[in-house]
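I opened a notebook page for this chain. I wanted to know how it is built and which side chains meet.

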Amino acid sequence: SNGLWNVGSLSVGTTVSLVITGSVNAGTADRYITNSVALTGARQPDTNWVNNTSSVSIRVRAVDLGVTKSVDNTAPYEGSNIVYSIIVTNNGVDIATGVQIREPLTNYLTYVSSSPSQGTYDSTTKVWTAGTIGVSASATLAITASVNAGAGGKSLTNQAALYASDQVDTNSANNSATSVVTVVGADLEITKYASVQTAGEGDMVVYTILLTNKGPNTATSVTVSEPLNTSLIYVSHTNSQGAYDSTTKVWTVGTVTNGYSASLTITTTVTNLGYLAITNWSSVTTSGVPDPVSANNSNKAVILISKLYIYKSTSVLIPTYPGSNITYTLIATNAGATTLTGLIVTDSVPAGVSYVPSSVQISYPYSSNNTCLDQFNAQAFAGSDGTTNWANDWQELGEANGAAAGYFRIEADGTNQ
């Protein structure tokens, strides 16, 4: 532990030896290590001090393995094959042994074959065992992979990296390399708008359909389906490119460059009001390149239908006498999906009939989703806490139950309901 060898007595002509084993520390690659020994003490004088010391120097072996990578096609199509070329070069001053390179294939790539200049590639472990590489020498691995379906429009980054070596690598910065391919594809997005939110029979509705190519590549042979709802009658259309067939309801768009949009405007008339709302869809139906995002290939526009019915009846169904009263009843019904405002109904009294003053009676249903809090004797209804609508009969806690146990009034627009 103190580095001293206590030899003791040494007879004339006798030799003794000491063997010491040491391990080379990390971080000493490509460095010289010098170990010296010296006579430090003896009872008798030494007549030749020149040979009382000795040393030995060793250089720690080191390698610098650099990895590079390339691909033969950076813009492949789905279903095509691409070839990665991985080169490992020994830039160091010593022979490298036990060299292994890991070359895993990323998602959307399927292994087809491999061709190493030396060693073997295991397609299961994804490790290329290159073996021994001399100073300034290189080894090459070519891997063929197929591009899977669904990869269109995606960027695939694949990395090869030094996996193992018997010697310490003095330069970790060049131990890996990546290669990127962008599979040909175009993300086509449909947006759609209607010119109105509410319409009635005979009203005109203009739909605007916008097709945008969000890339990364140009889309070709694009078609969009624009079928009009059965409650819509085609009137006319305009389009920024391509052609719309009002019979097949197909918009043949053609080619759309990455980052650009095409538009189609269709004018329609509302008819056949059998619905409370008209929902009209537009969808991408074909494209010459794969679309990586199918969720935005369709879009819809919804308009609510306005339906107002006026019904009139009389209390007299047979001939009546002069001076007798006739009661006319008018019923206005909103059978649509939206609230109608500003309605004015005109009912002129016919000739031969005189209006009876103060005889008009107006009734209408009233509903509210507002909630109420009972403050009678500081007790609250069990059916409502001020935020939840009532259900069934109300009940006051600590008081008699039932609707006859108290009174409750709701005012709407100043009128008791």
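Below are my entries, from the whole chain down to single pairs.

**Entry 1: ground rules.** I noted that this is a predicted model, in which local features need pLDDT of at least 70, side-chain atom pairs count only at pLDDT 80 or more, and totals for chains, interfaces and linings use all residues. Residues are numbered from 1 along each chain as its sequence is written, and side-chain values use heavy atoms, with hydrogens and water left out.

**Entry 2: the whole chain.** I looked up the secondary structure and found zero helices and 25 strands. Here helices (H or I, at least four residues) and strands (E, at least two) are DSSP runs, numbered from the N terminus. Of the 417 residues, 26% count as buried. I wrote down the scale: buried is under 20% relative accessible area, exposed is over 50%, and partly exposed is in between, with a 1.4 Å probe and protein chains only. The chain exposes about 25900 Å², and carbon and sulfur atoms supply 51% of that area. Such areas come from the Shrake-Rupley method with a 1.4 Å probe, and for residues only the protein chains shown count as cover. Among the contacts (heavy atoms within 4.5 Å) with a separation of 6 or more, 69% are between residues 24 or more positions apart.

**Entry 3: a nonpolar patch.** Which residues form a nonpolar patch on the surface? I listed W5, V7, L10, V16, L18 and I20, with about 580 Å² of accessible area together. The rule for patches takes residues with over 30% relative accessible area and no salt bridge; it joins like charges within 9 Å and nonpolar side chains (Val, Leu, Ile, Met, Phe, Trp, Tyr) within 5 Å. I checked V16, which lies in the segment before β1 (32-38). V16 counts as partly exposed because its relative accessibility is 41%.

**Entry 4: salt bridges.** A salt bridge is a side-chain nitrogen of Lys or Arg within 4 Å of a carboxyl oxygen of Asp or Glu. By this rule I have four salt bridges, and I looked up some of them.

K69 forms one with E103, the closest N and O atoms being 2.7 Å apart. K69 is in strand β3 (residues 65-71) and E103 in the loop between β5 (96-102) and β6, so the pair links distant parts of the chain, 34 residues apart. K69 is buried, with a relative accessible area of 12%. E103 is buried as well, at 0%.

E226 and K192 meet in another salt bridge, at 2.8 Å, N to O. E226 lies in the loop between β15 (219-225) and β16, and K192 in strand β12, so the pair ties together parts that are 34 residues apart in sequence. Both E226 and K192 are buried.

I also noted the salt bridge of E189 and K214, at 3.6 Å, N to O. E189 lies in strand β12 (residues 186-194) and K214 in strand β14 (residues 204-216), so this pair ties together parts that are 25 residues apart in sequence. E189 is partly exposed at 23% relative accessibility, and K214 is partly exposed at 47%.

**Entry 5: lysines over rings.** What lies over the face of Y84? I found K69 there, at 4.5 Å from the ring centre. K192 lies over the face of Y207, at 5.2 Å from the ring centre. The rule asks for NZ of Lys or CZ of Arg within 6 Å of the ring centre and within 35 degrees of the ring normal.

**Entry 6: aromatic pairs.** Rings of Phe, Tyr and Trp (its six-membered ring) pair if their centres lie within 6.5 Å; planes under 30 degrees apart count as stacked, over 60 as edge-to-face and the rest as tilted. By this rule I have two aromatic pairs. The rings of Y111 and Y121 have centres 5.9 Å apart and planes at 35 degrees, so the pair is tilted. Y111 is in strand β6 (residues 109-116) and Y121 in strand β7 (residues 120-122), ten residues apart. Y111 is partly exposed at 27% relative accessibility, whereas Y121 is buried at 10%.

Y234 and Y244 form a tilted pair, with 6.3 Å centre to centre and 40 degrees between the planes. Y234 is in strand β16 (residues 232-239) and Y244 in strand β17 (residues 243-245), ten residues apart. Y234 is partly exposed at 27%, and Y244 is buried at 7%.
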